[in-house]
Each structure stands twice: as C-alpha cells, then as structure tokens.
Amino acid sequence: MFPPPAPFSPVSSAQLAVAALFGASVMAISAFYIHKRSVDQVLDRLLNIRNRRHLQQLSDDEECDLSDFNENAETDKNVIIWKSESKSLSSEDGQNKDGYSDEARDYRVSSSMPNASSPKNEWRSEESGADIRISYSLGKIDSIPTNIPPHRTDQRDGEEQYVSHSGANMWVGSVGRLATPRSAGGYAFENTGDSDDEGTELATGDNISSYQNDIDLPIQNQHIVSTQAADGISIHDQESEANLTEAKSAMDHADEKTDTTSANIVAKDLLIYNTFPPITTLHDSVSIEEQEVLRMIRECLDLRGKYVFRENVDPWRKSSEKTDLADVNGDPFEFVPVEASSHFFRMEDGVVRVYASEGETEELFPVASSTSFFTDLHHLLKVMSVGNVRSACHHRLRFLEEKFRLHFLVNADKEFVAQKTAPHRDFYNIRKVDTHVHHSACMNQKHLLRFIKSKLRKEPDEVVIYRDGQYLTLKEVFDSLDLTGYDLNVDLLDVHADKSTFHRFDKFNLKYNPCGQSRLREIFLKQDNLIQGRFLADMTKQVLLDLEASKYQLAEYRISIYGRKQSEWDQLASWFVNNRIYSENAVWLIQLPRLYNVYRSMGTATSFQNLLDNIFIPLFEVTVNPNSHPHLHVFLLQVVGFDMVDDESKPERRPTKHMPTPSEWTNNFNPAFSYYAYYCYANLYTLNKLRESKGLPTIRFRPHCGEAGDVDHLAAGFLLCHNISHGINLRKSPVLQYLYYLAQIGLAMSPLSNNSLFLDYHRNPFPMFFQRGLNVSLSTDDPLQIHLTKEPLVEEYSVAAKVWKLSSCDLCEIARNSVYQSGFTHSAKLHWLGDQYFKRGPEGNVTHKTNVPSIRILFRHETWESEMQYVYSGKARLPEEIEH
C-alpha cells in the first residue's frame, strides 16, 4: 500500500513578496540591457552619419541645425537632428552603407540615452553679410575641452540663443527659446503662431530694456570670454581672433569651435537689448516684390494725409488764452455778442465754398473734389485686393501680435510692480472716457423705470402729447395703455436687447420704445415734443450727476440732427441752453442718421441736396455771424465731433468715379456710405478751416464705421475720418487693419453691443486688435439696451477683463487710449494725462496719472516706430508729438 501523503504546508505572504520582487528584478534587468543595446545601436548609426557629413565640405546653401541636446537623464524631451533639405549627404566613396536615404529628414531619439555627452558646436562663417549659425554635433566628442564647469541640470532644456552675424557686428536674435518638444530649432517666433502645444514656456533674462529690432552688439577684435553669472551659468569661447579672421578672409565655411556649458546660455543678470528675432528692416535687403508692397502701403498712407483735416496750430502750441466759453465767463450758457466777419459762402455741388467777401471769386479753403476722392478710394480698394499685399500685411500683423505676447511674458511682473509704485492710482482712479454712447440710451433700464414711476407719481396731470386730435396728460396716456405705476417693471418695459435682435437692426431700434409704445419714447426720450424735451433734460441731468459723482468716468454723448429742416439746429441748441445741460465730465457729438430714402418717400426731401442744406447751412451762418444763432453758437462750444449712424448691413452699390451730384440725386434709393461720408467730410473740412481762422473750436469727423456691411466703409473711413466707432470688420481685411495700425486711427469698440447685434462676444477682434497695437478703446454704445448696472462703462471693462483675461496694465492702457481719442479740451488732458501728454513714447506718459507703466508705453512706441521705418525703408521722419 502507498504511504499517506504528507500534510500541506501553506506559503507565507513574505515568501510570495520575495518571489515577486525577484521576478520583477530579473525582468527589469533584462529590459534595461535590451533597451541599452538598442539605443547604443541607434546612437552609433547617428554618429556614423554625422561623422560622414564632416568629411564633406558644406556648400553655401547647406544648413544643418540640431536643437538643444541635454544629457540630463531625468528629462523626457526629444532631441531633433535636422538634416539639410537641399543637398544629400554621402560618404567619400559616394555610397550609403546604412541603406538610409540621404534626403532631408529628422531623427528622434530619447534625450535620456546613456553615455550622451555635451555636444560640440560648429560655426559656419561667411564673408560680409552672412550669418554664423550654431550647429550642434554629436561627433568628435573626445575633442570637448575638460575645463568646462559642471553641467547644470536644474535649468529648463530646449532653450538656446540664436546668434547671427553680419559684418563685424553680432545681434542677439532670440533670447527666449520656446520650450516645447515641437520646436524645430531656429527662432522662437517661427513656429509659435500655429503651435497648439499647451504649457509653452519662454525662458529669457529678467532685464529687458529695449525693443528695437536691430540692436548691435559689437564683437569685432574681441574674445568671447567665460563669464560666471549669478546662477552659475557661464558662456565660454575658445576661438581666437586669428581663427575668426582667417575664416572670413578665406570665404570658406570653416569649423570654428565654441564650447558652451549648457543650452541655457541666458544668465539671470545678463542685460539683453533685443528679445526678438531679426526681421526685414532697413539694414537688410528686400526683394523687388516686397519693395513694391511697401510702395503701395506708403501711397495709401500719403492718401490719408491728403484728406484728413489737421489744425494749422496744435492746441499745445497756442497762446494761453482760452476760447472755451466756460473758462472765459464762468457761465457756459452766457452769450457774449461777437462781431460778424465779412466771409461769404454758398453751396456748390453739395459742398459749401467760402470766400473772403461777396465779390471775391477765389475760394479760401479748397477741398478735394468728389471725383478725386472716389478715384483714390478705388485705388485703395485695389491695393486691398492685391494678394502679396494682403499676405505681407497679414504677416506683419501676426508678428506684432506675437511680439506683444513675448513682451507680456517677459515684463508682466515688472509692469505690475511699476503700477504698485504709483500713489493713489488704480483702475478706478484713472480717467476713462466712454467714447461712443448714444444720448437717447445713456441711462440704464432701472434708471428709466424709476424716472417714469417718479414722473407718473409727481406730475400725473402734465399735458405731454397730442394724439388723435386731443391733448393727453401723462396719467391719461398710461390709462390708454391700461397701465399703472405699480404695474411697471423692467420686464414690462422691454427695452433690453435679447436674442431676437441679433442681425435684426430694425428690432434693435424698436427697443427704444418703452413697453413697445412709440408714444412713451416721444414723451421720455425725445427733445422735440410737446413739453420741449423737459423729461429728457431732467433725466440727462441725473445721468450727468452720476458721472460727476464717479469723478473719473467721462462720456461723449451723441445726439441726433436729422436734416429734415434747418430749424432743427436752433431747436436743439435752445433745449441745451434753456435746460442748462452742462457737465465738465461730458462733451457732445452730433449724429446724422442716414435716412434720405425715408425722407424722400415721405416727401420731406426732394434730393440729397436738401439734407446737406439743412445740416450745414446753419453751421456756416453761425460761424460767420454768431449773433444770428446765439444759442447755437453757445451749444457748438460743447460739440467736438460729427457722426453718421444707421444699419451698415444694408446692401448698397459701390460708388463710381463719376457719381451724380447731390442735387441730381433724386431717386428713392439711399446713397452709399462713402457718398454720405465724402459730402459730410467736405463740408466739415471747409467749416473747420473757417472756424479755426476765427479762433473757434473745430469739429472732428468720427462716424460709425465697420460694424457690418462692406469693407468699403472702412476704406472711406481710413481716408476721411479722425476716429471711428466699432471697426470690427477690420478683421476681414489685413491690409486695412495694418493701415489703421500705422495711422493709429482710434477705434471706439463696443463688444457687448456687437454681441447683441452682429458678432458673438467670443469672436470679437478687440483682444487681437489690442495685442497688435491698434488704437482701441472700450465704449458702451447703448446702456439702456445692453447694460445692467449703474456704471455701464465699468461693466464693459469688467466683462472684457474677465473674458479675455486682461491685466490691470491692459485696462489702464485702454483707458488712456480713450482719453486720447476723446474730444475733451487740451487743458483737461493736461490735468488728466500730464504736462507732456502730447509727446510720443514714454516722454508723454506720467505713470502716477495714467497708471500705465512706461515700459508698456516704450514697447508700444518703439514697435510702431520700427514698423514705420520698415514701411518707409528707414527714411521715415516721425514726429515727436501726436497728431491732433
């Protein structure tokens, strides 16, 4: 019989753990040796390829570059070896023993390879005008000097300093190197624009003092010696002056040996004068195509100078005598009789002509003809459509955008520290101008609701309107609507824009009717009604008191003149003077609704000439003889601009070079935007020349432009206007966008308003325009329809800051732009911005008044200056003062 089996002895958990550990160790050791053998084979193959390359002398057009190679075993980034794309590499016998193609390709290997040493640098030198390019070699490792300091492993890899050479000068082309695995060597800006990598970082020095594109660092007759920085990084050069001179004179591509301690060659305390890659500037040769592009851009800028009105004497150059009525008399509504001048004027072909006296035939202030304007407009449109001009402008705009991003990465902390040093100033304590707001919608909906309830409670028996053959009191009006003061609320008022108004300008205009009733609009939001606009005047005074209480918020209100009759001017001026509407925190613009087709269909106007007569004849009359319209003379002292408003999305026919004159325009169709714009501009130009000659304040042309419709509107605005409102369609035309940047034309943008009408907020180009350096400001447009709070301008800034992550410095710069764009007096701007505010660059900036650090102003100024010099091939004569 078989003996009984031995009893089973259980295995302890400790024994199982030891067995698992032993098995894992064996597997790890096996994997390590397999991996090491594979990597050594790949490395040997790469070394053979690189060594064969050094046996062949490189031709002039060959280029070999290897991105930074780091021997730190803890990193996971890749090293990319770039081979030449134009020439193939072969061994001395002309055969490729490895079986690999000699065409340009890249090889990726792990940067944690064993036995990897610091690579040696190869220098290519050419005769004058050539670049010295750094090419890191994996070959000849045994030739690396032994006196190099220990390699730093705590620095970020993937950073390099690109050095180019021309003549006897060396430029630091790129201090910051994008630390991303996708970087392909070379400049930091070559790949950042289209990169989708997250967490892209930029390493650079802390001391940045200038943003010129071409700052030379002379190195002729000098050695690059070892310098020990504060963090232990050193820069070392073993090349002698004799070797460098011999390489230049031989006109060959000799290998010059330079040793670096690390790819990170930027020390913390190293002063760098240029953080951007060399671009095509006045020092570099440009192609014939590029010269032609620049010539066309210069022509467009010269065309703008041909049209835009500029005062002969800037305000800061005039005598200390003030023409502002409030400053002279202390009472802004007191009229002082003024002797009439002998000027004579008459309307000819839609434009007022001014003569010294009635018998004179020589025109005092000639203006460009309509034919000349439309010819120049078509030339500008032609330039905008040229492909190479569009490409060139797009590239320059992209460069400007990336340049700002780099500036922000480098200097954001410095700007924040500089703002902290400004006593008393912060975003709330700097002047901010609402550069675009309509007077009929200047209050918020809660304010309007409280005002209506107040009037209904205090003045129910006031006769306010004449309807259906009878006069109605305020209470009777609400009884006819079956409403009481208790029933009213914000929702019932229904003045706020909603989804139904998007791309529906007609529905947006209906929101001006409280409770959907036009009679309530006539009573509360009109100044030409039965009560002579008393309710609107009372509400306007309340809004102005709110502005004055905030102290640092200001506004430019737009009020309408329709052009139906000449008496509109006297009626509007009397409303101002009789109700004593005035505030040091507000100025006024006149807006002209483009409604000729409506008046023509109603029979109010028979031709476009009727509108021009009704709009401009009274202005010339009061300028020549202020005693003829005393209230209008007083009112015009508060008017700083002229605006045109209407739905730009309506289709229109592009004007030709030979358009009918205004007296010939008798059809029922509305003229195109540019047709309106020219005749408003031409008459304003002549009027301003006349007012300037008499020492009176001038009126700028600042229309709504580029909110919708064709880019033709923006082209006309570029030629004729000082500033424009909206301008979001500039995103569709890189040429016009670049021209607006070069000319620094002010854009009063209203993203929240655009969000309700034509463009979603997240698609608004405001942040892009701001980064590229366009002269942009934020405005509210229609607080009644758009905003919810008592301070709509601050609401506009706050939403933009949160959605687009604007810094405090960004907000203060935008606010500073708004003051420059505004039409407030020279004395007011002196107080708000500083005694030298009219100077360009940091000289005109006072940080403790604007809270904008001078480093930001310096960046903006030098960037714009370099672009102008680029366009004018280094021959631009830039003024030291701003254009007024």
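At 43% relative accessibility, Asp479 counts as partly exposed (buried is under 20% relative accessible area, exposed over 50%, partly exposed in between, with a 1.4 Å probe and protein chains only). Its salt-bridge partner is Lys475, a bridge being a side-chain nitrogen of Lys or Arg within 4 Å of a carboxyl oxygen of Asp or Glu. This is a predicted model, where local features need pLDDT of at least 70 and side-chain atom pairs pLDDT 80 or more, while totals for chains, interfaces and linings use all residues. Residues are numbered from 1 along each chain as its sequence is written, and side-chain values use heavy atoms, leaving out hydrogens and water.

**Salt bridges**
- A search of the whole structure turns up 32 salt bridges.
- Asp479 and Lys475 come together at 3.2 Å, N to O, and both sit in helix α9 (residues 474-480), four residues apart, or about one turn of the helix. Helices (H or I, at least four residues) and strands (E, at least two) are DSSP runs, numbered from the N terminus.
- Lys475 is partly exposed too, at 43%.
- Asp712 pairs with Arg654 at 2.6 Å, N to O. Asp712 is in helix α19 (residues 712-720) and Arg654 in the loop between β21 (639-645) and α18 (673-693), so the bridge ties together parts 58 residues apart in sequence.
- Asp712 is buried at 9%, whereas Arg654 is partly exposed at 45%.

**Helix α7 against α20**
- Helix α7 (residues 387-420) packs on helix α20 (residues 734-743) at about 55°, axes 8 Å apart. The axes are lines fitted to C-alpha atoms over the stretch in contact, with angles from 0 to 180 degrees between N-to-C directions.
- That makes the pair oblique (under 35 degrees is roughly parallel, over 145 roughly antiparallel, 65 to 115 roughly perpendicular, the rest oblique).
- Among the residues making the contact are Leu397 and Leu400 of α7 and Tyr738 and Tyr741 of α20; contact means heavy atoms within 4.5 Å.

**Around Leu833**
- Leu833 belongs to helix α26 (residues 826-833) and is buried, at 4% relative accessible area.
- Beyond its neighbours within four places in sequence, Leu833 touches Arg816, Val819, Tyr820, Gly844, Val846, Lys849 and Thr850.
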